[in-house]
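Take a look at the model below.

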Amino acid sequence: MDFKSDRFNIIVLLALVLIFFSSQVFNPSDFIAGQDTVEAYSRFYYNDYIHTKEDGIRPMWEPDAYMGLPQNIAYGRYYPAAYLFLINYKDSLFSVYFILHMLIAGLFTYLFVKKIGLEKFPSLIAAVTYMFSGSLIAR
């Protein structure tokens, strides 16, 4: 993987994400998600890390979610953008989280499509298509 030759396409992906989230980039107090999202993410990310740090082990059961759920990696415990909540827990970090989520999705789609043999431009189109697909936008 030669990042010098892919630098332009990576900058294009970054620019598209920043344009899409321009209101959150220029005004971080504009919050993207609702209160239910704040409660869910605080429960599954921040509290999980705090309890793990205090107890030394990861909890196997989440009693506060619905009627209780087993803890697993599906909640994103190991997801790179989730580590933002270790720095500080603020509502404005959710905007940064969603921006990073979109950027990571586009970047790794681009790298994957290049790895399976397509050229730069089709890889860029695939990354942009996935980044702005309904499953990621509606998240």
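What follows starts with the chain as a whole and then turns to details.

This is a predicted model. The protein chain has seven helices and two strands. Along the sequence they follow the pattern α-α-α-β-β-α-α-α-α. Of the 139 residues, 32% count as buried. The protein chain exposes about 8700 Å². Carbon and sulfur atoms supply 65% of that area. Now consider contacts between residues at least 6 apart in sequence: 55% of them join residues at least 24 apart.

Next, helix H6, residues 120-131. At 1.5 Å a residue, its twelve residues should span 16 Å.

Which residues of H6 are buried? They are Ser123, Leu124, Ala127 and Met131. These residues cover an arc of only 100 degrees around the axis, which puts them on the same side of H6. The general rule is that an α-helix has 3.6 residues a turn, so residues three or four places apart point the same way. The face of H6 turned away from the buried side carries the exposed residues Phe121 and Thr129.

Last, the surface patch. Leu14, Leu18, Val25 and Phe26 make a nonpolar patch of about 370 Å². Helix H1 (3-20) and helix H2 (22-26) each supply at least two of its residues. Phe26 sits in helix H2. Its relative accessible area is 71%, and the cut-off for exposed is over 50%, so Phe26 counts as exposed.

Key:
Residues numbered from 1 in each chain as written. Predicted model: local features only at pLDDT ≥ 70, side-chain atom pairs only at ≥ 80, totals over all residues. Heavy atoms only, no water. Helix = DSSP H or I, 4+ residues; strand = E, 2+ residues; numbered from the N terminus. Expected span 1.5 Å × (residues − 1). Buried < 20%, exposed > 50% of the residue type's maximum accessible area, 1.4 Å probe, protein only. Arc of directions from axis to C-beta. Patch = residues over 30% accessible without salt bridge, like charges linked within 9 Å, V, L, I, M, F, W, Y side chains within 5 Å. Areas by Shrake-Rupley, 256 points an atom, 1.4 Å probe, with all protein chains shown as cover. Salt bridge = Lys/Arg side-chain N within 4 Å of Asp/Glu carboxyl O. Contact = heavy atoms within 4.5 Å.
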